[in-house]
Amino acid sequence: MGRRKNNNNNNNNSDMNNNHLRFQDADEVIQDAAESSNLDDHSMCEPEPSEPSFLDSDDKTSADYYFDSYSHFGIHEEMLKDTVRTKTYQNVIYQNRFLFKDKVVLDVGAGTGILSLFCAKAGAAHVYAVECSDMANMAKQIVETNGYSNVVTVLKGKIEEIELPVEKVDIIISEWMGYFLLFENMLNSVLYARDKWLVEGGIVLPDKASLHLTAIEDADYKEDKIEFWNNVYGFDMSCIKKQAIMEPLVDTVDQNQIATNCQLLKTMDISKMSPGDASFTAPFKLIAERDDYIHALVAYFDVTFTKCHKLMGFSTGPRSRATHWKQTVLYLEDILTICQGEAIVGSMTVAQNKKNPRDVDIMVKYSLNGRRCNVSRVQYYKMR
């Protein structure tokens, strides 16, 4: 998915999200970091898998393709080079060594093992790095190359199927977040591990995640991505347009396009929530900050580590430093003409897709009763 026109990722301080807590910037902790946590802003998915390889058997399930996609080095390169993501985890671990000293840690979805290595270096007694994809073989070699084989044990397999050599762990750490926070549904694996192995009083990192919503003017890009299908070299292909508008676009939004306030939709406490809590309906009220047109809703998420000495975390919002998660754009069928102070009122329902739990079904109900525009509609989206 290409970058948006007029892309802008600078770190403006804005009062749009002034209800968010301010966090210590990771640059203050890791001296050699060129870039790191983006929470010097007020704003507070694993990446989307690449095409699956067909070199193996033809009877793979969607879950098999999901794990196979994480065997590709490019995905891990993108995540590791996301300094907001990786430096924040590094600083959470290194700055809070008191949490890890002599503790047993479980790393769920370990990938290259980078978080496990951070934990080992911070003084963990032992780290169990669980990775289902073939990247587990590389992680074992990486651990050995760096001299941590006596501290880090890499286990290849699904967290729901493997057995740990210990009955309980003190800490569970994971980078489970997908696009739109919940795409790929790795959260359930973390909750499974928590319920099975976390000692009473143990810690889950990160322990809080929140989903947010705003609205944008996006005429040029909607014309390019959606209205394009109305006339394709003189032919009407608008039947594709109906499908295109149902698929959320993961892309970077220019903060100057934001036309309303930001609404907190859902906060998740990873240490306490149940798997069913990831499906929800939340109301929203987006109030226009200026006269403008509204072409799309934009969702993004924040992640926080509340057990640290100082509150730490990062945002994937359009007013924060860019991450590989970008933002999720939900185009509206209507073009809304809104005046300053008017509100788009509605609700968003989020649920796992029944056929493929790693996909996310979204239903948005919205209405605007304004001076120049009156509309009420229900739209359905599917992240896949």
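A residue counts as buried when its relative accessible area is under 20%, as exposed when it is over 50%, and as partly exposed in between. By that cut-off tyrosine 179 is buried, because its relative accessible area is 9%. Keep in mind that this is a predicted model.

**Aromatic pairs**

How many aromatic pairs does a search of the whole structure find? The search turns up seven. One of them joins tyrosine 179 and phenylalanine 183: the ring centres sit 6.5 Å apart and the planes make an angle of 10 degrees, so this pair is stacked. Phenylalanine 183 is buried too, with 6% relative accessibility.

Phenylalanine 301 belongs to strand S10 (residues 292–305), while tryptophan 325 is in the loop between strand S11 (312–315) and S12, so the contact ties together parts that are 24 residues apart in sequence. Are these two residues buried or exposed? Both phenylalanine 301 and tryptophan 325 are buried.

**Salt bridges**

Across the whole structure, a search finds 11 salt bridges.

| Arginine 384 | Glutamate 247 | 2.7 Å |

Start with arginine 384, which forms a salt bridge with glutamate 247. This pair links distant parts of the chain, 137 residues apart: arginine 384 is in the segment after strand S15 (374–383), and glutamate 247 is in the loop between helix H9 (238–244) and strand S7 (249–251). Glutamate 247 is partly exposed, at 37% relative accessible area.

Arginine 290 is partly exposed, with a relative accessible area of 29%, whereas aspartate 292 counts as buried at 17%.

Aspartate 334 is buried, at 15% relative accessible area, and arginine 377 is partly exposed, at 29%. Shared partners extend this into one network of salt bridges that joins Glu333, Asp334 and Arg377.

Now move to strand S2 (residues 126–131). How many of its six residues are buried? Six of the six are, so to speak, under cover. In a regular strand the side chains alternate between the two faces of the sheet. In S2 both faces are covered: His126, Tyr128 and Val130 are buried on one side, and Val127, Ala129 and Glu131 are buried on the other.

S2 pairs with strand S1 (residues 104–108) in the parallel sense, over five bridges. If you want a spot to look at, valine 104 has histidine 126 in S2 as its bridge partner. To get from S1 to S2 the chain passes through helix H5 (residues 114–121), and this β-α-β crossover is right-handed.

S2 is also joined to strand S3 (residues 152–156) by five bridges, and these two run parallel as well. Here tyrosine 128 stands opposite threonine 153 in S3. The chain goes from S2 to S3 by way of helix H6 (residues 135–145), in a β-α-β crossover that is right-handed.

**Helix H5**

Why is H5 described as largely enclosed by the rest of the structure? Because six of its eight residues are buried. The buried residues are Leu115, Ser116, Leu117, Phe118, Cys119 and Ala120. Following H5 is glycine 123, which has a positive phi, near 105 degrees.

How values were computed
Residues are numbered from 1 along each chain as its sequence is written. This is a predicted model: local features need pLDDT of at least 70, side-chain atom pairs count only at pLDDT 80 or more; totals for chains, interfaces and linings use all residues. Side-chain values use heavy atoms; hydrogens and water are left out. A salt bridge is a side-chain nitrogen of Lys or Arg within 4 Å of a carboxyl oxygen of Asp or Glu. Helices (H or I, at least four residues) and strands (E, at least two) are DSSP runs, numbered from the N terminus. Buried means under 20% relative accessible area, exposed over 50%, partly exposed in between (1.4 Å probe, protein chains only). Rings of Phe, Tyr and Trp (its six-membered ring) pair if their centres lie within 6.5 Å; planes under 30 degrees apart count as stacked, over 60 as edge-to-face and the rest as tilted. Two strands pair if DSSP finds at least two bridges between them. A crossover is right-handed if, with the strands pointing away from the viewer, the path from the first strand over the helix to the second runs clockwise.
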